Amino acid sequence: MVTIAIYPGSFDPVTLGHLDIIERACKLFDRAIVAVLCNPQKTPLFTVEERIEQIKISTQHLKNVEVDSFNGLTVEYARSQNAKVLLRGLRVLSDFEKELQMAHMNKTLSNEIETVFLATSTEYGFLSSSVVKEIAKFGGSIEHLVPQHVALKLYQCYAQTPPGNT
Ligand code: ADP
């Protein structure tokens, strides 16, 4: 049986923390689908198309990754892809509370789909897309937090010059 895992999220933008989870998922599952959620309640910095492009470039070295987007319920999307696993990353206790609630809710919606949590690698425990955006806004160094092509896009968005280029 082929095991397909969906890794859903905003990825606004993708960080090295997300990529670490994706790389580890590739070793655990036959296929991993990184699914960008089109969430009308959030005002993202990057469009869904831009985020998909950023993730595709960042994962081109991985053979069993696909990148997609979806609307609506994650479990419905998982079902449409024949996926049995929803993958989420955990960093801090506050993630756990939110994620556990979501996992329980998803289980009530679709009993055959399992949520699997991967603990963040130690070096990315503090890393989130919003922290990266906050630093980029003020021209701080983000090269150790996101892929280089994403860092350049962020500096462009905030009309900042990458540090060291002044
Ligand atoms: P969402 O808006 O759905 O939380 P995110 O793009 O912020 O989307 O995150 C997607 C998933 O990746 C979530 O499960 C989140 O906990 C996880 N994640 C985000 N950053 C990291 C990180 N640095 N290490 C491990 N997991 C992470």
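In which segment does Ala159 lie?

A: Ala159 is in the segment after α6 (148-157). Before going further, a word on ground rules: this is a predicted model, where local features need pLDDT of at least 70, side-chain atom pairs count only at pLDDT 80 or more, and totals for chains, interfaces and linings use all residues. Numbering runs from 1 along each chain as its sequence is written, and side-chain values use heavy atoms, with hydrogens and water left out.

Now the backbone. Ala159 has a positive phi of about 50 degrees, although it isn't a glycine. That's worth a look because most residues other than glycine have a negative phi. Ala159 counts as exposed because its relative accessible area is 71% (exposed is over 50%, buried is under 20%, partly exposed is in between, with a 1.4 Å probe and protein chains only).

Asn82 sits in the loop between α3 (74-80) and β4 (85-90), and with a relative accessible area of 59% it is exposed. Another backbone feature turns up at Pro13, in the loop between β1 (4-9) and α1 (16-28): the peptide bond from Asp12 to Pro13 is cis, with omega near 5 degrees.

Back to α6 (148-157), the helix that Ala159 follows. Cys157 is partly exposed, since its relative accessibility is 41%. What about disulfides, meaning pairs of cysteine sulfur atoms within 2.5 Å? The count is 0. Cys157 is in none, and its nearest cysteine sulfur, that of Cys38, is 18 Å away. Cys26, on the other hand, counts as buried because its relative accessibility is 13%.

Zooming out, the protein has 6 helices and 5 strands (DSSP runs numbered from the N terminus: H or I of at least four residues for helices, E of at least two for strands). Along the sequence they read β-α-β-α-β-α-β-α-β-α-α. Buried residues make up 43% of the 166. As for contacts (heavy atoms within 4.5 Å), 71% of those between residues at least 6 apart in sequence join residues at least 24 apart.

Technical notes:
Disulfide = S-S within 2.5 Å.
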